[in-house]
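Notes below, in the order I looked things up.

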Amino acid sequence: VNDVSSSVKPLVDLFKGNPDYEEDMIIGSPTAIELAGTNSVLVVVDVDKPSITECPELLKMCKAIVVLDHHRRGSETIENATLSYVEAYASSACEMVSEILQYIGDNIKVKPDEADCMYSGIMIDTNNFMTKTGVRTFEAAAFLRRNGADVTRVRKLFREDAEEYKARADAVSQAEIYKHSYAISICNSEDLQSPTIVGAQAANELLNIKGVKASFVLTDYQNQIYVSARSIDEVNVQIIMERLGGGGHMNIAGCQMEDMTITEAIVVLKNTIDVMLREGAIE
């Protein structure tokens, strides 16, 4: 991990200074490159695109690579993986890891802090067990609960500061309902540590509005426009985001747009929706 965002910091804090774990358990890219050798096993989790891994250089340095991902495969994938387990029907990478741990052997014991982290990952990706939740999701959650995951502790990990809460509420309140079905809004990134996460949360909340088939929240951050797209079941937001150079899942997707203002990005998004409606690609 190179940059610890505000959303990940509570999880990282569980391990830093914890006597049950080594101090160098979490390292940055320079240290990882230094430690990596021909006998190292590199496990890539929750992504299958080399360019957006935390340290792409490691992919060239390690001979044994394991990929665990739950996103639909795109054109860019990790080609030289020894084991590639990509399961698009899984709710989350944490669900997949929980399953694997159960079948590795009887002596695997997950500590409560680790169980909390994986349980929180499932909760985030399923939007509190409301999206992409299958039988295997609940079985993974039950396994983590048996290993000490605590729902109350996990809920406290998700609490946010007042500025993030206000920014999300503002994005929801300012939303425009386009074509009577598509909620489009802007998340203000000022004074926020992780504005893209707040934008994603706002997109989730916009789905609670009656008649909204899909929601799109745009965030201007680090000279790029980040788009978080969400739907429940009527619109495939993945194919909309793919038209804009992004991707994801049918109900959870996103993209990044460059060299344009947020106003221009909204126009591009609306034009894309218009074209796809005319083509019959979406309804």
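I started with strand β2 (residues 64-69), which pairs with β3 in the parallel sense over four bridges. This is a predicted model, so I'm reading everything here as such. Across that pairing, I found Leu68 opposite Tyr85 in β3.

Next I traced the whole sheet: it is open, with three strands in the order β1-β2-β3 and parallel pairing. β1 (41-45) and β3 (83-86) are at the edges; each has a single partner strand, so one side of each lacks a neighbour in the sheet. I get an average twist of 10° from one strand to the next.

What packs on the sheet? Helix α4 (residues 93-104) does, touching β1, β2 and β3, and its direction makes about 120° with that of β2. I checked the helix length too: at 1.5 Å a residue, the twelve residues of α4 should span 16 Å, and the end C-alpha atoms are 16 Å apart, so that agrees.

Then burial in α4: Ala93, Glu95, Met96, Ser98, Glu99 and Leu101 are buried. I see the buried residues of α4 packing against β1, β2, β3, α5 (112-126) and α6 (135-146).

I listed contacts of Phe216 beyond four places in sequence; among them are Tyr182, Ile184, Val227, Met241, Leu269 and Ile273.

Definitions and conventions. Residues numbered from 1 in each chain as written. Predicted model: local features only at pLDDT ≥ 70, side-chain atom pairs only at ≥ 80, totals over all residues. Heavy atoms only, no water. Pairing = 2+ DSSP bridges. Helix = DSSP H or I, 4+ residues; strand = E, 2+ residues; numbered from the N terminus. Axes fitted to C-alpha atoms, helices over the stretch in contact; angles between N-to-C directions. Contact = heavy atoms within 4.5 Å. Expected span 1.5 Å × (residues − 1). Buried < 20%, exposed > 50% of the residue type's maximum accessible area, 1.4 Å probe, protein only.
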